[in-house]
Amino acid sequence: MSAMGQRNLKNYCQPYYDLANSYSTDKISEVESAVTINREKFESDNNLGLVKQVVSSLSKRNIQRLTQMYLTLSLEDIANRVQLNTSKEAELHVLQMIQDGEIFATINQKDGMVSFHEDPEQYKTCEMIKHIDSSIQRIMALSKKLIAVDENISCDPTYLAKAGRERHRYDFDDYDSVPQRFNM
């Protein structure tokens, strides 16, 4: 993204920019802090429910990351590493993720240990091929919609007038630098 585009994004979407930056830290406490600070803006935009899903998705993402590093882990360790309050909360997250097919694991209720497993899918059944094809079709349809929106915006007289007024404000960062081959 160009420097001008990044500046505009920061100016108009600062609460969302803060949320994205806090998400990239992988720390739930920082994401929750960004949500608390910008709660009024998220509510006025009718996006608070969506923002709460972001917080939940970080827990899932962190649990998925653990499945790549460990074969077995206690629920208490999962709760600590993912920054959940209790091992019971970790268990509920893990159970939901198993049920949704997001991770493959078993929980030993007796000792509170979670054993992570490899994905059993071999990706060679007719059903899986249909599923992959369906996903590709949805992505292609979304791509066409994005292209149409981009074309509509680029033809909008209001946008063109504003872009024309701001043309003189480009930074050097907006242009690709030309490599210097010769030193004099």
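E40 lies in helix α4. Keep in mind as you work that this is a predicted model.

**Exercise 1.** Decide whether E40 is buried or exposed, and find how far E40 is from P15 in space.

*Solution.* Start with the surface: E40 has a relative accessible area of 69%. The cut-off for exposed is over 50%, so E40 counts as exposed. Next, take the C-alpha atoms of E40 and P15: they are 9.9 Å apart, while the two residues are separated by 25 residues in sequence.

**Exercise 2.** Find the aromatic pair in this model and classify its geometry.

*Solution.* The count comes to one aromatic pair. Its partners are Y16 and F42, with 5.0 Å from centre to centre and 65° between the planes. Edge-to-face requires planes over 60 degrees apart, so this pair is edge-to-face. Now place the partners: Y16 belongs to helix α2 (residues 14-23) and F42 to helix α4 (residues 39-44), so the pair ties together parts 26 residues apart in sequence. Finally, check accessibility: F42 is buried at 0%, whereas Y16, at 25%, is partly exposed.

**Exercise 3.** Describe the largest pocket: which residues line it, and which helix gives the largest share of the lining?

*Solution.* Begin with the volume, about 150 Å³. Then list the lining of the largest pocket: Q64, T67, Q68, L71, E102, I103, F104, F116, H117, E118 and D119. Helix α5 (residues 48-69) supplies the largest share, three residues.

Key:
Residues numbered from 1 in each chain as written. Predicted model: local features only at pLDDT ≥ 70, side-chain atom pairs only at ≥ 80, totals over all residues. Heavy atoms only, no water. Phe/Tyr/Trp six-rings, centres within 6.5 Å; stacked < 30°, edge-to-face > 60°. Helix = DSSP H or I, 4+ residues; strand = E, 2+ residues; numbered from the N terminus. Buried < 20%, exposed > 50% of the residue type's maximum accessible area, 1.4 Å probe, protein only. 1 Å grid on protein atoms, 1.4 Å probe; cavity = no way out; pocket = protein on both sides within 12 Å on 5 of 7 lines; lining within 4 Å. Points joined across faces, edges and corners; volume = space filled by probe spheres on them.
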